[in-house]
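Reader: I would like to learn how to read a few features of a protein model. Please take them one at a time.

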Amino acid sequence: MTLSTHLQLDGIRAVLIDLDGTLVDTAGDFGVALNAMLADLGAAPVPTERLMTFVGKGTANLVRKTLAERFPESEVDGLFERAQDKYEAVYTSINGEHTALYPEVREGLAALRDAGLPLACITNKQHRFAVALLEHYGLADQFDLVYGGDSWPKRKPDPMPLIKACETFGVSPAQAVLVGDSGNDAQAARAAGCRSLTVPYGYNHGEPIQTIDTDGIVVSILGAARAILATATPSLAS
């Protein structure tokens with residue numbers, strides 16, 4: 001685990017965690033749904049590696065960016081509604097089928113729960129898709145809150161969902177930490193006044209994680225738990 005020397009995780013009373021690229025590798029599902037959408041429009045598929053650079057800012061952005069890979073800008077608006085409907089229909093039918101839970105997610109969540117810390121999953125994925133995916137992996141009951149990109153008027157990198165979670169938990173933003181995989185997450189944490197930790201294996205719009213203004217990089221959710229709980233429970237940091 002690599003942490004910035006200035007990182008201060010004392011006083012943490014709530015943990016907020018991203019979903020795609022942080023808890024679950026969802027690249028396979030995105031690829032299947034988006035390429036089915038393109039096929040419906042008579043367009044060639046886009047490689048999954050390219051599609052993943054569009055992940056992180058909600059479904060509408062994902063669909064628009066994908067359309068822009070295959071259609072002139074002047075046609076994207078006219079195709080958008082049909083394309084999004086097709087994407088959502090396919091995604092609903094496969095949600096979780098082509099995904100994988102990242103290593104040490106269950107262990108990390110269990111450590112945080114055992115310590116009595118409230119947990120919120122805060123994602124830009126639509127709420128219904130987020131809950132269904134967490135249920136697919138038996139993780140829904142690990143979270144006290146699940147906020148999707150449609151839960152509030154604004155989504156990450158706006159701080160609104162983080163602030164709302166802190167209000168619900170009765171903690172100040174300075175007493176919460178957001179664990180994510182992208183600059184989107186770190187920007188939201190900075191704007192909210194929360195602290196942030198970043199895992200190195202996610203998407204981050206195709207950019208190196210070293211470009212993220214985060215408080216520290218941890219190897220996994222268990223690594224994040226150990227860092228958060230180290231002051232209160234030294235044995236977990238070993």
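**Salt bridges and the domain interface**

Author: Arg64 is partly exposed, with a relative accessible area of 34%. The model is a predicted one.

Reader: Which residue forms a salt bridge with Arg64?

Author: The general idea comes before the case. Side chains of opposite charge can pair when their charged atoms come close. Here Asp77 is the partner of Arg64, and the closest N and O atoms are 2.8 Å apart. The two sit in distant parts of the chain, Asp77 in helix α4 (residues 73–94) and Arg64 in helix α3, 13 residues apart. Asp77 counts as exposed, because its relative accessibility is 58% and the cut-off for exposed is over 50%.

Reader: How many salt bridges does the structure hold?

Author: The structure holds 10 salt bridges. Another of them joins the side chains of Arg50 and Glu69, at 3.1 Å from N to O. This pair also links distant parts of the chain: Arg50 belongs to helix α2 (residues 48–51) and Glu69 to helix α3 (residues 59–70), 19 residues apart. Arg50 counts as partly exposed at 38% relative accessibility, and Glu69 is partly exposed with a relative accessible area of 29%. Salt bridges can also form a network, as they do among Asp18, Lys156 and Asp185.

Reader: How is the chain divided into domains?

Author: Domain 1 covers 14–23 + 102–231, and domain 2 covers 26–94. Their centres, taken over C-alpha atoms, are 25 Å apart. For the interface, start with contacts: 12 residues of domain 1 touch 13 residues of domain 2. Then take the area. About 1,200 Å² is buried between domain 1 and domain 2, with carbon and sulfur atoms giving 52% of it. On the domain 1 side, Phe129, Tyr203 and His205 lose the most area to domain 2, together 45% of what that side buries.

Reader: Which polar features cross the interface of domain 1 and domain 2?

Author: The rule finds 1 salt bridge across the interface, along with 8 residue pairs in polar contact. Helix α6 (residues 127–136) gives the most to the side of domain 1 that touches domain 2, with 3 residues. By class, that side of domain 1 has 3 nonpolar, 5 polar and 4 charged residues.

Reader: Arg128 and Glu88 form a salt bridge. Is Glu88 buried or exposed?

Author: Glu88 is buried, because its relative accessible area is 15% and the cut-off for buried is under 20%. Arg128, at 44% relative accessibility, counts as partly exposed. Their closest N and O atoms are 3.3 Å apart.

Reader: Where is Thr198 found, and what is it in contact with?

Author: Thr198 is found in strand β8 (residues 195–198) and is buried, with a relative accessible area of 2%. Leaving aside neighbours within four places in sequence, its contacts include Gly180, Asp181, Ile212 and Val218.

Reader: How many residues of helix α9 are buried?

Author: Helix α9 (residues 221–229) is mostly covered, with 8 of its 9 residues buried. Among them are Ile221, Leu222, Ile228 and Leu229. A cap can be read at the N-terminal end of α9, where a side-chain oxygen of Ser220 lies 3.3 Å from the backbone nitrogen of Leu222.

Methods: Residues numbered from 1 in each chain as written. Predicted model: local features only at pLDDT ≥ 70, side-chain atom pairs only at ≥ 80, totals over all residues. Heavy atoms only, no water. Domains from an automatic or database assignment. Contact = heavy atoms within 4.5 Å. Buried area = accessible area lost by both parts, 1.4 Å probe. Salt bridge = Lys/Arg side-chain N within 4 Å of Asp/Glu carboxyl O. Polar contact = N/O pair within 3.5 Å; in protein donor to acceptor, adjacent residues only side chain to side chain. Helix = DSSP H or I, 4+ residues; strand = E, 2+ residues; numbered from the N terminus. Nonpolar A, V, L, I, M, F, W, Y, C, P; charged D, E, K, R; others polar. Buried < 20%, exposed > 50% of the residue type's maximum accessible area, 1.4 Å probe, protein only.
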